[in-house]
Amino acid sequence: MKNLILTLAILAASPASASCYADYKAKQDGPLRLHYGVIELSDTACTPQAAKPQIAQRISADGWQLLNILSIFGAEGLEERKDSAGQYFLRY
């Protein structure tokens, strides 16, 4: 019983870790290329303002420039965006 109470106390004290995702649009120049993608964000980047630098940095490694963030959402929104994002679904 003591272990159960201790375990419950630890779980209650631990912050909930909810997954956070964004869908975005990006471009490359010369020649112009566009893509729509879905990206997983860190727990500290679950707002458009916080997500923007994180997304921009991660996609820039492949020469992409962030155009805009369409939305921030939880795991429940992943499946409906998977086909639209294609190869850019959780790529970065």
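Hi everyone. Asp23 has a relative accessibility of 6%, so Asp23 counts as buried. Please keep in mind that what we have on screen is a predicted model.

Let's stay with Asp23 for a moment. Which side chain does Asp23 meet in a salt bridge? The partner is Arg81, at 3.2 Å from N to O.

Is Glu80 buried or exposed? Glu80 is exposed, because its relative accessible area is 61%. Put together, Asp23, Glu80 and Arg81 make up a network of salt bridges.

How many salt bridges does the structure hold? There are 3. One of them joins Asp29 and Lys27, whose closest N and O atoms are 3.5 Å apart. Asp29 is at 54% relative accessibility, so Asp29 counts as exposed.

Now over to helix 2, residues 48–60. This helix has 13 residues and spans 18 Å from its first C-alpha to its last, close to the expected 18 Å. Its buried residues include Ala51, Gln54, Ile55 and Ile59. Viewed down the helix axis, the buried residues of helix 2 fall within an arc of 120°, which means they line one face. And what do they pack against? They pack against strand 1 (20–28), strand 2 (33–41) and strand 3. On the face turned away from that buried side, you'll find the exposed residues Gln49, Lys52 and Gln57.

Strand 1 also holds Cys20. Cys20 has 4% relative accessibility, so Cys20 counts as buried. Beyond its close sequence neighbours, Cys20 contacts several residues, among them Ile39, Leu41, Cys46 and Phe73. Cys20 and Gly74 are 54 residues apart along the chain, yet their C-alpha atoms are separated by 5.0 Å.

Last stop, the surface. Leu32, Leu34 and Leu67 form a nonpolar patch there, with about 320 Å² of accessible area together. Leu67 belongs to strand 3, residues 65–73. With a relative accessible area of 43%, Leu67 is partly exposed.

Terms used:
Residues numbered from 1 in each chain as written. Predicted model: local features only at pLDDT ≥ 70, side-chain atom pairs only at ≥ 80, totals over all residues. Heavy atoms only, no water. Patch = residues over 30% accessible without salt bridge, like charges linked within 9 Å, V, L, I, M, F, W, Y side chains within 5 Å. Areas by Shrake-Rupley, 256 points an atom, 1.4 Å probe, with all protein chains shown as cover. Salt bridge = Lys/Arg side-chain N within 4 Å of Asp/Glu carboxyl O. Helix = DSSP H or I, 4+ residues; strand = E, 2+ residues; numbered from the N terminus. Buried < 20%, exposed > 50% of the residue type's maximum accessible area, 1.4 Å probe, protein only. Expected span 1.5 Å × (residues − 1). Arc of directions from axis to C-beta. Contact = heavy atoms within 4.5 Å. Lists of a residue's contacts leave out its neighbours within four places in sequence.
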